[in-house]
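Dear colleague,

Please find the structure for your review directly below. My notes on it follow, arranged by topic.

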Amino acid sequence: MAREIKFSLLYRDMWQSSGKYVPKVAMLKEIAPVIIEMGCFDRVETNGGAFEQVNLLFGENPNKAVREWTAPFNKVGIQTHMLERGLNALRMFPVPDDVRALMAKVKKAQGTNIMRSFCGLNDHRNLKGSVIHAKEAGMIAQAALSITYSPIHTVEYYMGVVDKVVEYGADEICLKDMAGIGRPAFLGRLVKAIKDKYPHIKVQYHGHSGPGFSVASMLEVARAGAEYIDVAMEPLSWGKIHPDVITIQAMLKDAGFLVKDINMNAYMEARALTQKFIDDFLGYWIAPGNHQMSSLLVGCGLPGGMMGSMMADLKGFQGAINASLRNQGKKELDLNTLVVMLFQEVEYVWPRLGYPPLVTPFSQYVKNTALMNLMHMLKGEPRWKTIDKDTMNMILGKMGKLPGELAPEIKEIVKQKGLEFYEGVPQDAFPDDLPRYIKMMEEEGWDRGQDDEELFEFAMHETQYRDYKSGIAKQRFEKELEANRAKAGAPIVITRPVVEVPAFNTDKILAKYPDAKPVHATVKGEVIWQVDVADKSSAPAEGSDVKMGQTLCHIQAFYGMEEIICPADGKLVAVTAQQGQKVVKDEIIAFVQ
C-alpha cells in the first residue's frame, strides 16, 4: 500500500533565509487564505527563529503578528510550527530556563502547535529543557538534529542524540539540514535507523537547496520512512533556500507515494502576492546571490542563509585587505578570489574548532574566525590573532559540548589567556531571571500582556523591545528603507495631503494651456511635484496661498528632477502614474510646463 508524504511550507524560513526581514502582519493575513486554498500543505512554519526580533525591528508588535498569522491555519486544521534554538531560544545568546518555559506557554497560547528545537552543537542537554517545556505547554515537541558532514558526524553519533531526546519525551525528530550538505544516502540511512528503533516517532526533513543535494535527499528520506518534507514556493524557492513544492510533489508522486494535489490557481496567486511583498520593501534586503545555487558550499559547509551577511562582511574587509597588499607591493584581490579564500579558510578552521555544526550561531562564529584569520594572514600576521568573545565561549564549552576535539593550538591559546574550560550543564550557568523583568515592567508602567506575552518579549529581546516601545525602532527602519530605496534608484515617495480642487475636464485645461505637455512618469510609482511658476499666464489664482516662484516639493524621477505645475489654481494634488500615461485622478491632471 502506498505511503503518504505530507508537506510543510517554510514561509517564515523562505524570507529569513533570503533577506533580513519577513512580511508584516497585514501581508501575512493577506496570503494565509491563499496558502490554505492551495490544498497541499499539512503544516506551515509561521514563527520562531528571528521572526520576533524582525517584528520589533519593524516597530511592530510580534505577539499580534503570531496570533493573527497562526489563526487561519488553526481554524482549518493545518498545524503551525516554530523554530527555536535550544539554550539560545529566540536569540543569539543563552536564555534563562524560566524564560524558555514562558516562551513555550506563550507560543502555545498564540496558536503554535509544534515547537521545533535545535542545538547548534547537538548537545542533548540543551534540548532537554525544550522538550520538557513544549510538552508541559501542550505542544508537540520536535527535536531537531543539526545536520552536517564530517568524519565524526556519523549515523551512530546522531542516534546518540536521538536516544536522549526520545528519553526526554520528544514526539518527533527533524533532520535540520540547514546548509543542505547532508549527503542523500547518509540521510536515508539515518532516517531508517530512527524509524527502525523508534517506529512511533515521526520524522520531518528540512533541507536547503544551496549545494544542490536537496532534491535527491528528499527522495532518500521519503523512501527511508520520513513522514514530512519541508518545501518552499516561488519566487523564494531554490537558490540558497528550499526546493519548490511543485517539483517535490511531482517527484514523490512518480516514486509511488501518496501526495496531495496542488491548486495551481492558488499557487500562482500566492506567488504573485509574495512578489508583491518583495516589491513593496522586502526585496531591498534580498541579496541577488541568494537566488543562486553554488557547489562551492559543498566544501565549506556554510548555510546558504548567511551568504548575504558573509558577502557584506567580505566587501567591508576588502578595502582594508587591498590597502595592506598595496603597502606590501602585492597584487590586490577581487571579491571572487576572496570568497574562495574565505571558503578554504572555513574548511581549515572548522575541524580545529571541534566541528561545531554550521548553524546559527556557530556558523557565524566559524565564519567570523575564518574571516579574521584571512585578514591577518594577508597582512602578514599569524592566524588566531583575533577570536571574539562568543567564539571563545563556544571553545570553552559554555554553550555546550563540542562534537570534536579542539586542535592543540586552540588549547594553547586558552592556556595562554588563563581561561578555564566549562564542564557543567550549560543551562546552569544562566539562572532564572523573570522576576527582574517583571519588576522592570512594573517600573515602566508596561502591561504584561495577554498570557504574559509582552513580558516574554521583553525578557527575550530587551533592547529591541525598548526600541519598539519608544518608537525608535520604527524610525530607524523607515530611515533604513529610505536609504535602501535611494541606493536602488527607486523613486522617492513623499506623501502630501490632497487638497480640494474644483473638478475640470481635459479639453478645458488644454484650451487654457495649449502648450502644456502631459506628465510622463519615468518609473511606476507615486508622482509628487513642485509649483515653480515664472510664467504670468500660469500664475496662481488670486487669493491662492501659492506664491510666484515658490517650490513646494519635488518629483524625484529616475533621470533627475522635473519641474511640474498644476493648473488648478496652483493647488497640490497627489496622483499615481504608470510609465507613459497621463497623470489622471478624479479628473485632476498635472502638466509639465
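In which loop is Pro235 found? Pro235 sits in the loop between strand E8 (228–231) and helix H10 (245–254). Helices (H or I, at least four residues) and strands (E, at least two) are DSSP runs, numbered from the N terminus.

Before going further, please note that this is a predicted model, in which local features need pLDDT of at least 70 and side-chain atom pairs count only at pLDDT 80 or more, while totals for chains, interfaces and linings use all residues. Residues are numbered from 1 along each chain as its sequence is written, and side-chain values use heavy atoms, with hydrogens and water left out.

Backbone features

The peptide bond that leads from Glu234 to Pro235 is cis, with omega near 0°. Another cis peptide bond joins Thr360 and Pro361, where omega is about 0°; Pro361 belongs to the loop between helix H14 (335–352) and H15.

Asn122 is not a glycine, yet its phi is positive, near 55°. This residue lies in the loop between strand E4 (114–118) and helix H6 (124–137). Asn122 counts as buried because its relative accessibility is 6%; buried means under 20% relative accessible area, exposed over 50%, and partly exposed in between (1.4 Å probe, protein chains only). Trp384 also has a positive phi, of about 65°, without being a glycine. Trp384 is placed in the loop between H15 and H16, and its relative accessible area of 10% makes it buried.

Helix packing

The axes of helix H15 (residues 362–378) and helix H16 (residues 389–396) come within 9 Å and cross at roughly 115°. H15 is therefore roughly perpendicular to H16. Here axes are lines fitted to C-alpha atoms, for helices over the stretch in contact, and angles run from 0 to 180 degrees between N-to-C directions. Angles under 35 degrees count as roughly parallel, over 145 as roughly antiparallel, 65 to 115 as roughly perpendicular and the rest as oblique.

Gly188 lies in helix H8 (residues 184–197) and is buried, with a relative accessible area of 9%. Between Gly188 and Ser217 there are 29 residues of separation in sequence and 7.5 Å in space, C-alpha to C-alpha.

Salt bridges

Side chains of opposite charge can pair when their charged atoms come close. With a salt bridge defined as a side-chain nitrogen of Lys or Arg within 4 Å of a carboxyl oxygen of Asp or Glu, the count comes to 32 salt bridges.

One of them pairs the side chains of Arg352 and Glu409 (3.6 Å, N to O). This pair links distant parts of the chain, with Arg352 in helix H14 and Glu409 in helix H17 (residues 408–416), 57 residues apart. Arg352 is partly exposed at 26% relative accessibility, and Glu409 is partly exposed at 29%.

A salt bridge is also formed by the side chains of Arg436 and Asp433 (2.7 Å, N to O). Arg436 is partly exposed, with a relative accessible area of 40%, whereas Asp433 counts as buried at 18% relative accessibility. Arg326 and Glu332 meet through their side chains in a further salt bridge (2.8 Å, N to O).

Helix H11

Met268 is located in helix H11 (residues 264–280). At 41% relative accessibility, Met268 is partly exposed.

Yours sincerely
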